[in-house]
Amino acid sequence: MYRTTRSPMMQPLVNSGMGLAPFFKVTVFEQEHFQGKCLEFTSECCNIQECGLDNIRSIRVESGAWVGFEHHDFQGQQFILERGEYPHWDAYSGSISYHVERLMSLRPIYCASHQSSRMIIFERENFMGRSVEICDDYPSLQAMGWMMPEVGSMHVQCGAFVCYQFPGYRGQQYIMECERHSGDYQHWRNWGSHCQTPQIQSIRRIQH
């Protein structure tokens, strides 16, 4: 197995008990089940092919929360990557409706804070209509009392969330961060380049 490390000049640091260490660390592999050529990252990568890999087919997140993207330059389907092992595409895909075994860019989610995440969802675009504050995990918004299958807009006050198209944390994934768009997502088209519908039926806080 061939391993290469990609690190920026400056890193967010934490005290690991054995000195200072990078707070964000992920190892990506060219083949499933952690086989083949691999690269280690402690900061964002906008194009995995420029780093020498054809694709990412398995992932080991050692610290921090990350988001992977279907295309380079952080475009296309989004995939939440929290601490743990992802031996194949199905492990992080969220059961999206079409099969696309491709992950070409990724970046850390610096603002993820599971204990203090808070946001407000709105019934209509531009923060209009009925609103509800979210500060917990909801596998079904309908069970919580949100009777509509859609969300019009969102304001992330702190932390980061992953929103799913269907109940039970399934379907398209949309990463909502307080540090992106100043936390303001006025329209469902702001959720990501892959977004084609305002349908959101489950939401959870991102584990850091």
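Strand 4 (residues 25-31) and strand 6 (residues 58-63) run antiparallel and are joined by five bridges; strands are DSSP runs of E, at least two residues long, numbered from the N terminus, and two strands pair if DSSP finds at least two bridges between them. Opposite K25 stands S63 of strand 6.

Strand 6 is also joined to strand 9, by three bridges, and these two run antiparallel. Here V61 has G84 in strand 9 as its bridge partner.

## Basis of the model

The model is predicted: local features need pLDDT of at least 70, side-chain atom pairs count only at pLDDT 80 or more, and totals for chains, interfaces and linings use all residues. Residues are numbered from 1 along each chain as its sequence is written, and side-chain values use heavy atoms, with hydrogens and water left out.

E82 lies in the loop between strand 8 (75-81) and strand 9 (84-86). With a relative accessible area of 11%, E82 is buried (under 20% relative accessible area, 1.4 Å probe, protein chains only).

Leaving aside residues up to four places away in sequence, E82 touches V61, G64, R204, R205, I206 and Q207; contact means heavy atoms within 4.5 Å. The side chains of E82 and R204 are joined by a polar contact of 2.9 Å (a pair of N or O atoms within 3.5 Å, one able to donate a hydrogen and the other to accept it; residues adjacent in sequence count only if both atoms are side-chain atoms).

## The protein as a whole

The protein has 17 strands and one helix (a DSSP run of H or I, at least four residues). Of its 208 residues, 48% count as buried.

Key:
Buried means under 20% relative accessible area, exposed over 50%, partly exposed in between (1.4 Å probe, protein chains only).
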